[in-house]
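Work through the following exercises with the sequence and the model side by side. Try each task before reading its solution.

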Amino acid sequence: MRLGADGLSKRYGNVQANDHVSLAIAPGEIHAVVGENGAGKSTLMRLLQGVEQPDSGTIIVDDRPVHLPGPHRAFALGIGMVHQEFMLAPDLSLLENLVLGEEPLRIAAGPVSRIDWVEAQNAGSALARKAAIEIDWSRRAGSTPVHVRQFVEIIRLLRRGTRILILDEPTAVLAPRQVDDLFSLLRTLRDQGTTIVFISHKLKEVMALADRVTVMRRGTVCFSGAIADTTVAEIAGHVVGGDTRPPSAATSQSTEIPAHGNVAFAVEDLSSAAVEKSHPLHDINIHVAAGEIVGLAGVSGNGQHELIECLVGLRPSRRGTVRLGGTDVTDAGNGERRRLGMGYVSADRRHEGLALTASIEANAVAASHRAPPVRRGWFVDRRAMRTVAVDRLAKLDVRYGALGDPVSSLSGGNQQKLVFAREIATNPKLLVVSQPTRGVDLLGIAAIHDILRRFRGAAGAVLLVSEELDEILELSDRIYVMAGGRIVGERRATETSVADLGALMLTGTGVHD
């Protein structure tokens, strides 16, 4: 099935999100679309789904112009998308999500029809086998690991007859072997005639998977060509407008790794019970020294999320000890741990790290509004609040319109930099960082990596949780690996590899063991 656009334009107020965008995606093709945050990729995909209407231009399906008044028409034509923010209903089971809205019915006695759950599960399981995965269809979606939810999203679309599959950053939550499984599935679907649009910031993956690539910059298409005829450096140059520095170059190269200092954070024999099918934790022992970045790697759903919640005081532990700067904080809540010197950058900036409808100013000073200089007696000093916000945003070069704008108006990269600006402003002893560059473009990744290196260089301690193994290896001094709610290995970053970490994550035994 062929998908295309001819001169699509879309403006939001003073922002020209898409400016005469044209592209052609052939049937039986995996076509990558890359570009910085704010380049216009998401707007283009919303147009191709019928979620938004273009100001001008034409959408083309199988060489015919089509009008998409809403997503229902796009679905009817076989166009489906897996978003970064998954669309599953969290309180329903995976099987209920699979058939939601299109339940297979069987006729019962009289006028009553009932859902044929056996047919639904058989269909879902058959499609799951193509992805070489097993799914517990009875599990509640809200307690299911992220990578499993993603596969269910894909399976749901395939079940509904999707012939044009749009994937938005699909590998952000996957381990290397799972990426291989996903790519194998996508190639199989391509060979069967499915048209696949692959949105990604990972240029190495684009080179490995795609047949063609289109680069967007500032709302326009600036490059399109066959993967066989281009290189990572050429694509990167088009993405950033000629700046082909790798994502962690520039000032970070001159930051020397300091000698490790005193232990800033220590966890001893920490265990936690499962809650609503979340992962239990078993005998966790880790430590982070001042002036050190310690990585935590693992396949999504193996206890990393639960461990982070325990460490930052959002989930109780069953036994064990947590010490911050020598102080026992095992029974302390999140507020007390923050007061004692813990910063936290959540993996979910949209729901946990930011209040999207609140102003940029309010988000920048959150958690500092109860202390001087923002708080004076019983009142908030509005002038001091503005000064603090401006100073924090300037230090990390957060690009914004006005302080009173909602923080949702910022690009993903600038939202993430704002969270970092707020969390490091009080010079915490420990910074817990989860998935810091998920959904962030090349230059945003460079900026965030530089922030972490500079924080370490100032004797800060960082616990870095990431499903990007290249990122873990690039930034970390030491790496812990989690599997099944346990620490299954520890490595020096200079003495391991992606293959070694991947083996530990999936089998508990590395290639070096």
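**Exercise 1. The chain as a whole**

What percentage of the 513 residues of the protein chain count as buried?

Solution. This is a predicted model, in which local features need pLDDT of at least 70 and side-chain atom pairs count only at pLDDT 80 or more, while totals for chains, interfaces and linings use all residues. Residues are numbered from 1 along each chain as its sequence is written, and side-chain values use heavy atoms, with hydrogens and water left out. Buried means under 20% relative accessible area, exposed means over 50%, and partly exposed lies in between (1.4 Å probe, protein chains only). By this rule, 52% of the 513 residues of the protein chain count as buried. The protein chain contains 17 helices and 24 strands, where helices (H or I, at least four residues) and strands (E, at least two) are DSSP runs numbered from the N terminus.

**Exercise 2. Confidence**

Find where pLDDT stays under 50.

Solution. Begin with the term: pLDDT is the predictor's confidence in each residue, on a scale from 0 to 100. The protein chain averages a pLDDT of 85, and 89% of the residues score at least 70. Over residues 243-260, however, pLDDT stays under 50. Where pLDDT is low, the predicted coordinates should not be read in detail.

**Exercise 3. Two helices**

Describe how helices H14 and H15 lie relative to each other.

Solution. First take the axes, which are lines fitted to C-alpha atoms, for helices over the stretch in contact, with angles that run from 0 to 180 degrees between N-to-C directions. The axes of H14 (residues 412-424) and H15 (residues 442-457) come within 10 Å and cross at roughly 15 degrees. Angles under 35 degrees count as roughly parallel, over 145 as roughly antiparallel, 65 to 115 as roughly perpendicular and the rest as oblique, and H14 and H15 are therefore roughly parallel to each other. The contact (heavy atoms within 4.5 Å) is made by Gln416, Lys417, Phe420 and Ile424 of H14 together with Ala447, Ile448, Ile451, Leu452 and Phe455 of H15.

**Exercise 4. Serine 466**

Is serine 466 buried or exposed, and which side chain does its own side chain touch in a polar contact?

Solution. Locate serine 466 in the loop between strand S22 (461-465) and helix H16 (469-475). Serine 466 counts as buried because its relative accessibility is 2%. Its side chain makes a polar contact with the side chain of glutamate 471 at 2.8 Å; such a contact is a pair of N or O atoms within 3.5 Å, and within protein one must be able to donate a hydrogen and the other to accept it, while residues adjacent in sequence count only if both atoms are side-chain atoms. Beyond its neighbours within four places in sequence, serine 466 is in contact with Leu296, Ala297, Gln435, Glu471 and Ile472.
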